[in-house]
Amino acid sequence: RLGELLADFHTLAGVSVPVRTASDQLRAVTDLMPAIRSLDVALADRLSRLLNRLGRHLPLGDRRDVLSHGAFRPGQVVVDDAGRLYLLDLDGVCRGDAAQDLGSASSHLSWQAIRQPSRSVELGLIDQALLAGYGSRGLAVKTASLLWWRTAGLVQIAARRFRRLEVADWALVPRLIDLAESLLDCSQRSETR
């Protein structure tokens, strides 16, 4: 149902909001880098290399802008007593690549799997169900674009752990970076096919 809700949101028309591009995403994460560099130079170097690679391989997307949440993650949906779903935190709503919201959700699910390894299988199934629900509405995104946005989301999550001084999570950040590097490798391989 979450994927269906997101697909329905993406097809809303007549809403005038700013466009947000992959380049905008990179700029937002780059703005977080000074905090990391002052706390862990080695991790900052790894993240900088990832940002450079992301910048060289911007997604082409579907060549269609959709109404986008802008920072979607599954925790931004609530269910009322009647079972209706409500999408929260729409302050970043924009027009953009549909893969942006799906990649963001997927990156947050991956982060939760790193933080809660005992739930990693369950969280992976949620990720698959989200994509299946989205596709059930007849919408699809390009795999390379989804991988790019998911990677960018992981890099942003990693950077925010330092910007927010979430010290307890710092030991997990290298795993986020490992996953981001692996996904970017997959994305670039899919581009060459």
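I looked up V155 to begin with: leaving out residues up to four places away in sequence, V155 touches V29, L47, L50, L51, L54 and A180. By contact I mean heavy atoms within 4.5 Å. I am working on a predicted model, where local features need pLDDT of at least 70, side-chain atom pairs count only at pLDDT 80 or more, and totals for chains, interfaces and linings use all residues. Residues are numbered from 1 along each chain as its sequence is written, and side-chain values use heavy atoms, with hydrogens and water left out.

Next I checked the largest nonpolar core, which has 49 residues. V155 is among those with the most contacts inside this core, together with L47 and Y134. Such a core is a set of buried Ala, Val, Leu, Ile, Met, Phe, Trp, Tyr and Cys residues joined through side-chain atoms within 4.5 Å. Which helix gives the largest share of this core? I found helix α7 (residues 143–163), with 11 residues. Helices here are DSSP runs (H or I, at least four residues), strands are E runs of at least two, and both are numbered from the N terminus.

**L43**

I then went to L43, in helix α4 (residues 41–56). Is L43 buried or exposed? L43 is buried, with a relative accessible area of 8%. My cut-offs are under 20% for buried, over 50% for exposed and partly exposed in between (1.4 Å probe, protein chains only). Beyond its neighbours within four places in sequence, L43 is in contact with I36, F162, V173, P174 and I177. I noted V173 in particular: it is 130 residues from L43 along the chain, yet their C-alpha atoms are separated by 8.3 Å.

**Helix pairs**

I took α2 (residues 22–30) with α4 next: they pack at about 165°, axes 10 Å apart. Axes are lines fitted to C-alpha atoms, for helices over the stretch in contact, and angles run from 0 to 180 degrees between N-to-C directions. α2 and α4 are therefore roughly antiparallel. Angles under 35 degrees count as roughly parallel, over 145 as roughly antiparallel, 65 to 115 as roughly perpendicular and the rest as oblique. L26, V29 and T30 of α2 make the contact with L51, L54 and G55 of α4.

For α5 (residues 98–115) and α6 (residues 120–135), I read an angle of about 170° and axes 8 Å apart. That makes α5 roughly antiparallel to α6. On the α5 side I listed A98, L102, A105, S106, L109, Q112 and A113, and on the α6 side S120, L123, I126, D127, L130, L131 and Y134.

Helix α1 (residues 2–10) packs on α6 at about 45°, with axes 6 Å apart. That makes α1 oblique to α6. Here L2, G3, E4, L6, A7 and H10 in α1 meet L130, G133 and Y134 in α6.

I went back to α5 for S104. S104 is buried, with a relative accessible area of 11%, and touches A71 and F72, not counting residues up to four places away in sequence.

Last, I checked D89, in the loop between β3 (85–87) and β4 (94–96). What is the phi of D89? I found a positive value of about 55°, although D89 is not a glycine. Most residues other than glycine have a negative phi. D89 is partly exposed, with a relative accessible area of 43%.
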